[in-house]
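Visitor: I am new to this structure and would like a close look at a single part of it. Please take one piece and follow its connections from there.

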Amino acid sequence: MDKRITCFIPFSDKDSIQYTISALNGSGLVHKIFIVSNKDQAIKNSDPEVSSLISNGFNSTDSIKKMAEAALTDFIVVYSKTFPLDPGKFALN
């Protein structure tokens with residue numbers, strides 16, 4: 001199955017981010033996950049499929065432009081909540 005989805009999630013606590021990353025990667029469809037944060041919040045992650053996207057805030061015009069530039073897949077997911085995401089077994093299909 002092709003990995004055809006790029007995901008953008010806001011910076012939040014480490015446990016919430018890890019849970020969301022695991023849930024998204026569990027679908028087998030996610031190409032890349034970007035954690036959108038400001039420069040003071042950037043996190044270090046060893047997962048090659050997870051990157052930071054530094055901007056002026058998740059809902060800023062700057063963020064939307066950077067998301068558009070970073071999304072190189074057919075589909076994107078923009079999750080704007082800071083609590084963990086559990087999309088369900090076939091939600092991303």
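Visitor: Which residue stands opposite Cys7 in β2?

Guide: Ile33 in β2 stands opposite Cys7. Bear in mind throughout that this is a predicted model. The place to start is the pairing of the two strands around these residues. Six bridges join β1 to β2, and the two strands run parallel. In general, strands of a sheet pair through backbone hydrogen bonds, either parallel or antiparallel.

The sheet as a whole comes next. Four strands make up an open sheet in the order β3-β2-β1-β4, with parallel pairing. Its edge strands are β3 (50-54) and β4 (75-78), each of which pairs on one side only. From one strand to the next, the twist averages 25°.

Helix α1 (residues 14-25) touches β1, β2 and β3, and its direction makes about 160° with that of β2. Helix α2 (residues 61-70) touches β1, β2, β3 and β4, with a direction at about 145° to that of β3. As for β2, seven of its eight residues are buried, so this strand is largely enclosed by the rest of the structure.

Now to the side chains. The largest nonpolar core has 14 residues, of which Ile9, Ile21, Leu24 and Ile33 touch the most other members. Ile33 is the residue opposite Cys7. At least two residues of this core come from each of β1, α1 and β2. Another core, of six residues, lies apart from it and includes Phe8, Phe34, Val36 and Met67.

Two members of that six-residue core, Phe8 and Phe34, deserve a separate look. A search of the whole structure finds one aromatic pair. Phe8 and Phe34 form this pair, which is stacked, with 5.3 Å from centre to centre and 15° between the planes. The pair links distant parts of the chain: Phe8 belongs to strand β1 (residues 5-10) and Phe34 to strand β2 (residues 30-37), 26 residues apart. Both Phe8 and Phe34 are buried.

Strand β1 also holds Thr6. Is Thr6 buried or exposed? Thr6 has a relative accessible area of 1%, and because buried means under 20%, it counts as buried. Leaving aside neighbours within four places in sequence, Thr6 is in contact with Lys32, Phe34, Ala71, Leu72, Thr73, Phe75, Ile76 and Val77. Among these contacts is Phe34, the partner of Phe8 in the stacked pair.

The last stop is Ser12, in the loop between β1 and α1. Ser12 has a relative accessibility of 14% and counts as buried. With neighbours within four places in sequence left aside, Ser12 is in contact with Ile17 and Thr82. A polar atom of the Ser12 side chain lies 3.3 Å from the backbone oxygen of Thr82.

Definitions and conventions. Residues numbered from 1 in each chain as written. Predicted model: local features only at pLDDT ≥ 70, side-chain atom pairs only at ≥ 80, totals over all residues. Heavy atoms only, no water. Phe/Tyr/Trp six-rings, centres within 6.5 Å; stacked < 30°, edge-to-face > 60°. Buried < 20%, exposed > 50% of the residue type's maximum accessible area, 1.4 Å probe, protein only. Pairing = 2+ DSSP bridges. Axes fitted to C-alpha atoms, helices over the stretch in contact; angles between N-to-C directions. Contact = heavy atoms within 4.5 Å. Core = buried A, V, L, I, M, F, W, Y, C linked by side-chain atoms within 4.5 Å. Polar contact = N/O pair within 3.5 Å; in protein donor to acceptor, adjacent residues only side chain to side chain.
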